[in-house]
Amino acid sequence: MPDWDDIFSEQGKVFTDPHQDMERIAKLFKERSVRKILDIGFGTGRHIIFFSKLDFEMYGFDASPKGLSLTKQWLSEEGLSAKVMNHRMEERFPYDDNYFDAIISIQVIHHNKMKDILFTVSEITRVLKKDGIIFITFPKWKIKGKRDDWKLKEIEKNTYIPQAGPEKGLPHHFFTLDEIHDVFSSFNLLEIYDDKGRHRAILGVKI
Ligand SMILES: C[S@@+](CC[C@H](N)C(=O)[O-])C[C@H]1O[C@@H](n2cnc3c(N)ncnc32)[C@H](O)[C@@H]1O
């Protein structure tokens, strides 16, 4: 089954520039005196590098060994350090309660079935401080026709597995707006919007 580890092994650093809204998010983090940030599913490290350069204390995990080695290499090339590791988001996060000031996750948490997504969000809530900030993106509701070539097969309500294409075999959950409110009910959602990459972004504060 191809997965992101294969994609990174074949293509290297697939994403290099930060998400288009990260400058604004970093400014908000500074205004709110954020120090420790967790990046869930950091890929090949673009946001680990971006925030480390701005002097935030960066932590992250990702399921991909190749993603981890490319991130470590990039950190070393830049003379930066961050606490990065391999870990899966459907397993208990290896951090204490109320540890982080902010958590980001860009195009990651939808790669699971709802039961596991709920667990991931409960872990996000556990390791984030009260008034801590989340900035999370995931794909918008399946655009009709857009993914026809992926031959998406529905395996549970709103969760699909592509039968073809680069992400063949990987679950993709497409959140409805109602689900976003339900799943993130322990957060005050300040913003829910479509970003320029045609993904849905949420910005919230832990209640
Ligand atoms: C679309 S990439 C995004 C990478 C990165 N967030 C970025 O914006 O550059 C999805 C990432 O999610 C990671 N991922 C997928 N399933 C995961 C899981 N169950 N636990 C942890 N990471 C996972 C993949 O290894 C991959 O790095």
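Colleague: Why is N158 called buried?

Modeller: Its relative accessibility is 7%, and buried means under 20% relative accessible area (exposed is over 50%, partly exposed is in between; 1.4 Å probe, protein chains only). So N158 counts as buried. Mind you, this is a predicted model: local features need pLDDT of at least 70 and side-chain atom pairs count only at pLDDT 80 or more, while totals for chains, interfaces and linings use all residues. Residues are numbered from 1 along each chain as its sequence is written, and side-chain values use heavy atoms, with hydrogens and water left out.

Colleague: Where is N158 found, and what is its phi?

Modeller: N158 is in the loop between β6 (152-156) and β7 (159-162). Helices (H or I, at least four residues) and strands (E, at least two) are DSSP runs, numbered from the N terminus. The phi of N158 is near 70°, which is positive in a residue other than glycine. R198 also isn't a glycine, and has a positive phi of about 60°; R198 sits in the loop between β9 (187-194) and β10 (199-206).

Colleague: How many aromatic pairs does the model have?

Modeller: The count is 15. The rule takes rings of Phe, Tyr and Trp (its six-membered ring) with centres within 6.5 Å; planes under 30 degrees apart are stacked, over 60 edge-to-face, and the rest tilted. For W4 and F8, the centres are 5.5 Å apart and the planes at 40°, so that pair is tilted.

Colleague: What makes the F29 and F56 pair edge-to-face?

Modeller: Their ring centres are 6.2 Å apart and the planes are at 80°, so the pair is edge-to-face. F29 is in helix α2 (residues 22-31) and F56 in the loop between α3 (46-53) and β2 (57-62), so the pair ties together parts 27 residues apart in sequence. F29 and F56 are both buried, and ring pairs link F29, F50, F51 and F56 into a cluster.

Colleague: Which residue lies over the face of F56?

Modeller: K30, at 4.4 Å from the ring centre. A charge sits over a ring if NZ of Lys or CZ of Arg is within 6 Å of the ring centre and within 35 degrees of the ring normal. K36 lies over the face of Y99 in this way too, at 4.8 Å from the ring centre.

Colleague: Why is F50 called buried?

Modeller: F50 has 13% relative accessibility, so it counts as buried. F50 belongs to helix α3. Beyond residues up to four places away in sequence, F50 touches P18, M22, E23 and A26; contact means heavy atoms within 4.5 Å.

Colleague: How do you know that α3 is largely enclosed?

Modeller: Seven of its eight residues are buried, so the rest of the structure largely encloses α3. The buried residues of α3 pack against α2, β1 (36-40), β2, α4 (65-78), β3 (83-86) and β4.

Colleague: Is N112 buried or exposed, and what joins the side chains of N112 and E90?

Modeller: N112 has 7% relative accessibility, so it counts as buried. A polar contact of 3.1 Å joins N112 and E90. That term needs a pair of N or O atoms within 3.5 Å; within protein, one must be able to donate a hydrogen and the other to accept it, and residues adjacent in sequence count only if both atoms are side-chain atoms.

Colleague: Which residues come nearest to the ligand?

Modeller: Of the 18 residues around the ligand, the nearest are G41, R46, D62, E90 and I106; a residue is near a molecule or strand if one of its heavy atoms lies within 4 Å of it. A polar backbone atom of G41 is 2.6 Å from a nitrogen atom of the ligand. For I106, a backbone N or O atom lies 2.8 Å from a ligand nitrogen atom. The protein covers 96% of the 590 Å² of accessible area that the ligand has on its own (Shrake-Rupley method, 1.4 Å probe; for residues, only the protein chains shown count as cover).
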